Amino acid sequence: MVANLGTPKSPPALGIPDSAYTVDVRVIDTGTLLHLNPSLFWQPPIDGFTGLHAPIYCFLVSHGNQHVIFDLGVRTDWENYAPKIVSIITATTTVTPGSDVPSVLDGDTSGLGIRSADIGAVIWSHNHFDHVGDVSRFPPTTDLIVGPGVRGASWPGWPTNPDGTVLDSDAEGRVVREVSFEAGLKIGRFDAMDFFGDGSFYLLDAPGHAVGHLCALARTTADEPTFVFMGADACHHPGLLRPSNYLPLPSTTSLNGILTGPSQCPGEILQQLTRPDEPFFTVAPRMFPDHDAAMDTVRKIQELDAADNCLVLIAHDLSLRDKIPLFPETINGWKGSRVKTETRWLFCNDFIPASGHHENERGIEESLVSQTTLEC
Ligand SMILES: [Zn+2]
């Protein structure tokens, strides 16, 4: 088969203001896994790809001796979430328990010495159960930062509100601050807020999935600026970001070298699943009630994803597990370690029969496999 490869478009300039200030970013993977059902999160379906058990990345962001956490993951005793949320978890997904962010911080023996008591603020990307954790594990001196509209949508929580989705105890006795994007700052095409006031860490307005959904951008080096983008749940699989007209699908030969499944010709299989310059998926209406806003957010991320100096980490990217340095290490040196270029297409293994990256035994339907095998 002749590959119909797209010609890459140059990504637009992001217009990120210069700054000499950086933050240290540490990715915390608590080991908790969440099952993602494709029909809830992305479309169209791909035969054989019935979902995956995904990690939930949280981030410790350190600005000198000021420390904030971006997302807390799932609390270990999730049966103590609001009853409405416990019912939803039970009915719709599977949580494989791990640890939690306070335990990771307080149990660290590396000598880093950043404990839960040292966290000045917890930032919720949004108020869904797999991101809110248990804020009451942090002292009253830890503020809770949320996106626009989240405070009114969340509290009173349970038990004051029998139908509540978060807990009263998440906000009790602490300052809860809503981010404002009214100052007019732009990062790429995102409305942005300069969290520390020095260009080291921005919160970004990323609507579509949930009320007040936030992403974040951390400056990880200054001299040759590099950034880590925390995508949270702006989308739930890298196949919503790639291929794009900035990052077209590589040649079949390249893909056959990158992908690890037992299939002889993964590149050919992938070519049949999408155009070379369009992502495999768009967001699914069920979990993205504002579809237009969500797709606009995804397109904004594609522009960052295409920039050589920006590493995009969405919260549930299984393809990056075991590929990125985790707490207590920082991820600031990501560019030198080539993690971005070497992991960019690994998610495609999810679509290759019996690659081991998804739970389905059957793989893509027989006719497609045999057809592509013949052409290989
Ligand atoms: Zn999530």
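This report describes the fold, sheets, cores and local backbone features of a predicted model.

## Basis and confidence

Residues are numbered from 1 along each chain as its sequence is written. Because the model is predicted, local features need pLDDT of at least 70 and side-chain atom pairs count only at pLDDT 80 or more, while totals for chains, interfaces and linings use all residues.

The pLDDT is the predictor's confidence in each residue, from 0 to 100. Its mean over the chain is 91, and 91% of the residues reach 70 or more. Over residues 355–375 the pLDDT is below 50, and this stretch has 41 contacts in the model beyond near neighbours in sequence; two residues are in contact if their C-beta atoms, placed from the backbone, lie within 7 Å. Where pLDDT is low, the predicted coordinates should not be read in detail.

## Overall architecture

The chain comprises 11 helices and 17 strands. Helices (H or I, at least four residues) and strands (E, at least two) are DSSP runs, numbered from the N terminus. The radius of gyration is 20 Å, close to the 21 Å that the globule rule gives for 376 residues, so the chain is as compact as a globular protein of that length. This radius is taken over C-alpha atoms, and the globule rule is 2.2 Å times the number of residues to the power 0.38. Along the principal axes, the C-alpha atoms fill a box of roughly 65 × 50 × 40 Å.

Of the 376 residues, 47% count as buried. A residue is buried if 20 or more other C-beta atoms lie within 10 Å of its own, exposed if 12 or fewer, and partly exposed in between, with C-beta atoms placed from the backbone. Among contacts between residues at least 6 apart in sequence, 70% join residues at least 24 apart.

## The sheet from strand 1 to strand 10

Six strands form an open sheet in the order 1-5-6-8-9-10, with mixed pairing; two strands pair if DSSP finds at least two bridges between them. Strand 1 (24–29) and strand 10 (176–178) are the edge strands, each pairing on one side only. On average, neighbouring strands of this sheet are turned by 25 degrees against each other, direction ignored.

Strand 5 (residues 57–63) pairs with strand 6 in the antiparallel sense over five bridges, and histidine 63 stands opposite glutamine 66 in strand 6. Strand 6 (residues 66–70) is in turn parallel to strand 8, with four bridges; here phenylalanine 70 has isoleucine 123 of strand 8 as its bridge partner. Strand 8 also runs parallel to strand 9 (residues 143–146), joined by three bridges, and alanine 121 stands opposite aspartate 143 in strand 9. Four of the five residues of strand 8 (residues 119–123) are buried, so this strand is largely enclosed by the rest of the structure.

## The sheet from strand 11 to strand 17

Another open sheet of six strands has the order 11-12-13-14-15-17, again with mixed pairing. Strand 11 (186–187) and strand 17 (310–314) stand at its edges with a single partner strand each, so one side of each has no neighbour in the sheet. Helix 9 (residues 291–305) packs on the sheet and touches strand 12, strand 15 (226–232) and strand 17. The direction of helix 9 makes about 140 degrees with that of strand 17; axes are lines fitted to C-alpha atoms, for helices over the stretch in contact, and angles run from 0 to 180 degrees between N-to-C directions.

Strand 11 and strand 12 (residues 190–194) are antiparallel, with two bridges. Lysine 186 stands opposite aspartate 191 in strand 12.

## Nonpolar cores

A nonpolar core is a set of buried Ala, Val, Leu, Ile, Met, Phe, Trp, Tyr and Cys residues joined through C-beta atoms within 7 Å. The largest has 94 residues, of which Phe59, Ile69, Val122, Tyr202, Leu204, Ala216 and Phe229 touch the most other members. Beyond its neighbours within four places in sequence, isoleucine 69 is in contact with Cys58, Phe59, Leu60, Val101, Ile119, Val122 and Ile123. Apart from this core lies another of 12 residues, including Leu255, Ile269, Phe347 and Phe351.

## Backbone features

Most residues other than glycine have a negative phi, and most peptide bonds are trans. A cis peptide bond joins glutamine 43 and proline 44, with omega about -5 degrees; proline 44 is in the loop between strand 3 (42–43) and strand 4 (52–54). Tryptophan 158 and proline 159 are also joined by a cis peptide bond, with omega about 10 degrees.

Alanine 232, in strand 15, has a positive phi of about 50 degrees and counts as buried, with 31 C-beta neighbours inside 10 Å. Aspartate 322 has a positive phi of about 70 degrees and counts as exposed, with 9 such neighbours inside 10 Å.
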